[in-house]
Every structure is written in C-alpha cells, then in structure tokens.
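I opened the model to look up a few local features and some totals. My entries follow the order in which I checked things.

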Amino acid sequence: MTSPKASRDPTLVLREVFGYGAFRGPQEAIVRHVVAGGSALVLMPTGGGKSLCYQVPALCRAGTAVVVSPLIALMQDQVEGLRQFGVRAAALNSAQSAEASQATWRALSEGALDLLYMSPERLIGGDLLERLAPGTIALFAIDEAHCVSQWGHDFRPEYLQLGQLVERFPDVPRLALTATADPRTREEILDRLDLRGGAVFTASFDRPNIRYMLRDKGEVKAQLLEFLASHRGEAGIVYARSRSRVESFARDLVAAGFDAVPYHAGLEAEQRARALDRFRRDSGVIVVATIAFGMGIDKPDVRFVAHVDLPKSLEAYYQETGRAGRDGLPAVAWMVHGAGDVPQLRRFIDDSSAGEEQKRIEHGKLESLIAFSEAAGCRRQVLLRHFGEELAEPCGNCDGCLEPRERLDLRVPAQKLLSTVYRTGQRFGAAHVVDVLLGGSGERIRQLGHDQLSVHGIGRELDRGQWRSLVRQLSALGYLEPVPGGKGGLQLGREALVRPLLRGEASLELPLPPPGREQRRAGERAHGGGGGTGGLQRSQAFSDVDVDEELVAALKGWRREQARQQGVPPYVVFHDRTLLELAARRPASLDDLAGIGGIGAAKLERYGASLLAVLRGEDG
Ligand code: ADP
Ligand code: ZN
C-alpha cells in the first residue's frame, strides 16, 4: 500500500484490494461514516459482512486500525486472510513468541501496518495504551461488542475497560460490531463503550440463504442420517444437548461413514483444538457438539446446522443456525422437535439455582421457542418478528412455505385426545395415551386395565405420528400441560378447563402431517443441486448458468493444494462463492479474472496464471 492512504476512495479500495464490485446493505454508509471520523455501533447478522466495515476504512484513513477481538484463533485467520489480499496486517496475542511480538511492534512504530488485531486484555493491560501514539491510530474496531454486556451470554469483564478508549483517544473513531440484536444488549453496548454520541447502523437480520427445516421428532438418529444422506461431503454442525448425546451421535455418524468428530467441554483441550482445526481446514467435517462449540466459528462454508435437541431459546437458535452459510450460499438449518423435550426443559429451568425473576424470563424464552416450532406458517416470519422485524411475504424457503400443511378441523380428534388423557388419570406421557387411542394391547395397557376404558381404540382415524403432532400442538395451545414434577406425564391444561372444546362448542383448525412414518419430503436438500462436487452447491446467483461440476471439483482440488502449501484453511485462499463464479464464467484472461468477486490485485498477481491454467483444463 504505497499510495497515500488518506486520499483513497472506499469503493476503489473495495474493488482493487478485495475484488468486490459493490458494498452490501449498510456497509457503504458505515464505511463513509467512519472514514469521515465518526463512531458507530453496527448490528449485522453473522455473515452480513461486518469485517469490511472496518477493514476498508483502515485502508482509507491514515495510521493503523486497531481491532479488538476476543478470540486468538480467529485473529490468526483474519490476519492470514488479509495478507492474501495484500493488506499489511498483524496480531498481538499471548500465543506468540517474544520475537514475533517485537517484529509487530517494530512494524507498528514504523507505520508499516494497516491493521493490528489484539485481545482486549492485551490492549488494556500493561503499557500498550501509552505506547500507541494518538496520531498514528486510524480507528478502533471492537468486534463481538456484545461481550461487554452482562445481560448476554458471552460476557467478558475485560471488555468493560474498553470504555477508557474514549478518554485517551477522543478523536479516534470507534466502531463496535455485533450480531446480537436484542435491544437490551444494544443499550448496554452504547453505554459501556460510550457510543451514545455515535450512529447506530442496523442491517436486516434475515438470512435468506438459510433454509429452515423443522421436523417432528421420531427416531432421531434415523431422521438425522436420512437428512445427512443428501449432505455427504459437506461441512456441518450437529447440536445435541448433553455430552453423552454428543458422543453417541458422533459414534453413529462415524459408523455410517461420515467424517464426524465430537466436541464438548468435557473433552481434553487438545482434543477440542484438534476437532476445531480439522473442521476449519478440511471441507467435509461434521462437528457433533454441545453449545460449548460456538462463538468464533467463522468458517464461511458450513452448509448445515442440525439440532437434534431443542436449543435453549429462540435467540440461541438464531445464533447457532447463523453459523451456517456465512458465505451467502444455500445452507440448511434442520431441527427435530417434539413435545417430549418441553417438560424436561421446563424442569431444567425450575430446578436451576436462578432467582424467581430469572426463571420467569427463561420460561418466557422457552415459550417463544415452542411457539416458533409449533407455528403453522412461515418460520422466517415468526423468527424475524421475534427480533422486531416484519417480513411482508412468506419466505418460500422454509418447511412452512415449502410443505404447506392443510388445516383441518381437528375438534373431534382433540376431544378424543383430551378425554383419553383425562380417563387414564392425567399422569401418562404422550406415548401411552396415543397407544390407548390406537387400541394397543401391550402388557402395560392390559395391566393398567386401559383396554377396558371407553376411549380404548377410539382414535384409529389418525396414525401415531399424527397423534403425536396433535399432542404437541395442543400443548403449545395450552390444552395440555406437563404434570408438575411428573416425568413427561400430561394433564389437562388451563385452556382445556376454561374453553368449551371438550363440550363440542368450538372448532379447532390445525395442520396435520401426512399419514405414514416420518417420510422423506421435498426440500431436505437446499436448492436441489448436484451431489458430485463434495458439497459445493450452485449459488442462487448463478442458477441460470450451467455449472460444470467437474471444473468446480478441479478448482477445489487446486485450492486445497494452495492451502496446504501455505498452511492456511482453504477458505482463506478463496471462498466457495469465488470458485463457483469462476466455473460459471470461465474467465480466459487476467483482465477477466479481475472481474470475479473476491479476486483483488494481490490475489490476481499471486494466483492468476495458475488459475487460468486450471480453467483451461491444465494442471495449474
Ligand atoms: P460477519 O463478520 O458479519 O459474520 P464477514 O465479514 O465474515 O461477516 O463476511 C461474510 C462474507 O461475506 C465473507 O465471505 C465476505 O468476504 C463476504 N462479503 C462481505 N461484504 C461483501 C461485499 N460487499 N461483496 C461481496 N462479498 C462480501
Ligand atoms: Zn417461509
């Protein structure tokens, strides 16, 4: 970067350095605001493009941009990625040798750094703030800014001290960035980082490339394997609630021939680091994890996130599923849910050591999650409404939209179900109640004398899966509720007691799954797409162009080799999106190559000739 920085135009930097044709969403307004010296809070979903909001200004303003980031592993990726673009970036962290930090210090004092990443404790502790001369800092970027919030779940005490920056460097712009949307966290960030005088930029929290697919819970392992069958060779995350479930699902996936690794807080640090490293470097690894696997997963090509247990809340669900498809290519958020999970989750809350107020909040969060999973229409509309955004039209990319369920008047079956719960004594779980309805004659039914009840066998018009769905929906509506402390038993809920459903005066329109066992349905795989390229799917943007799958595979092989030689993850070399665009457009000259998204001047010089060879069908 030899040209005088202060005079560089943001759009030119975006094009020449990063190889992108246009800013996305609010990026341009943010960049111009910061280049002009303004401070701001940026709220943008994962994958929305937060990094460029400070990386471009860093190249437009005089001096070095200091980026505060909580995760050392991520810093290194960011630095590698920037160097590939020809940007002078470095990191200061505790994982470094003394020589390495000295070299970084030297570069800093010589004004030879565009961006410097560091952890908050590094910035605030010691004499670092004194050593940073005010006139040499382009801006402060505070990534994962929600870590300053005690209300949120990623609170880091060191972040509180970042408020000092304004006293020491009143004229240096400060940009706080987060993907956490809720208003309370937002307010805390504004206060604690002293940003009340700055601007707030909000991008839509919609992630249109993520397809939300919810499934009624049946045989979870079989359901998961069936879902994964169409995602072989793709990178993904499977979230399970407990360590033992993580271990057991990971074993099953390995046995079924998937490249899966477990990840939870009970594993040795070394084993966890290895799992994370494999996930980042190889393209088709599945991590089966508890929520311990979370913040800082910035791998762009995660193609699916599967939940085999309900997450804690809709916020958690949004964060966890948000790790899919950061590159903007089609991705799937798949989840099984069943009424059986709900009593257990309620119990977790009741049995926790939290105060009454906190328990009320947690119960409220759980209710929102249940409402989402039981919603009959578009999932995305429910999800976004929860975050205060209205989506005018159904999204067309969720199970609710893709598999609309016909609504039927289920008043009579509902009455039968409630009667059966009542007549069996309001203490049995869904499985037993449904057995009675279907006229089961197992030993337990006979021992209890439930084959003698008038309700025995009165429900043969629906099958087991349909009855389970009705149980869930009636639970969501409050007609059924868990027996307090009753291990999954059901009793009549308040609605059943106050509403006349049992007396036959109300109608009840609800959707039902089709008869038959949990079947394969349309849309399990995101946007069709061929399976031959080990996970690369056709981008929506190029869907009218015939992508040459073999060429994509060749490009991917070439990328893997480049990454291996340099010891970096493949996506640091090029994102999938760039490879797909290359295969679709087949540029034949360096000039044409420069027009491909993600190929800036430095990458053109470094990889151009070799890429053209691959595109000509030579070995590269
Ligand atoms: P976030 O930090 O908000 O999760 P990133 O900054 O990692 O998101 O960006 C996500 C992806 O989008 C990256 O692959 C990035 O290169 C790409 N991206 C961001 N902005 C643009 C843009 N204006 N044009 C093209 N790609 C972009
Ligand atoms: Zn939808």
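I started with Ser313, which is buried at a relative accessible area of 7%; buried means under 20% relative accessible area, exposed over 50%, and partly exposed in between (1.4 Å probe, protein chains only). The model is predicted: local features need pLDDT of at least 70, side-chain atom pairs count only at pLDDT 80 or more, and totals for chains, interfaces and linings use all residues. Residues are numbered from 1 along each chain as its sequence is written, chains are lettered from A and ligands numbered from 1 in the order in which they are written, and side-chain values use heavy atoms, with hydrogens and water left out.

I placed Ser313 in the loop that runs between strand E12 (304–307) and helix H14 (314–321). Helices (H or I, at least four residues) and strands (E, at least two) are DSSP runs, numbered from the N terminus. Leaving out residues up to four places away in sequence, I found that Ser313 touches Lys365 and Leu369, where contact means heavy atoms within 4.5 Å. I also noted a polar atom of the Ser313 side chain 3.1 Å from the backbone nitrogen of Ala316.

Next I looked at H14. I counted 7 of its 8 residues as buried, among them Leu314, Tyr317 and Gln319. Which elements cover the buried residues of H14? I found that the cover includes strand E8 (210–216), strand E9 (236–239), E12, strand E13 (331–337), helix H16 (356–374) and helix H17 (379–386).

Then I turned to backbone angles. Most residues other than glycine have a negative phi. Glu144 has a positive phi, near 50 degrees. I located Glu144 in the loop between strand E5 (137–142) and helix H8 (157–160), and it is buried at 18% relative accessible area. Gln426 is not a glycine either, and its phi is positive at about 55 degrees. I located Gln426 in the loop between helix H19 (411–423) and helix H20 (430–437), where it counts as partly exposed at 26% relative accessibility.

Last came the totals. I listed 28 helices and 17 strands for the protein. Of its 620 residues, 52% count as buried. The C-alpha trace spans about 90 × 60 × 45 Å along its principal axes. I noted that residues 24 or more positions apart account for 72% of the contacts with a separation of 6 or more.

How values were computed:
Polar contact = N/O pair within 3.5 Å; in protein donor to acceptor, adjacent residues only side chain to side chain.
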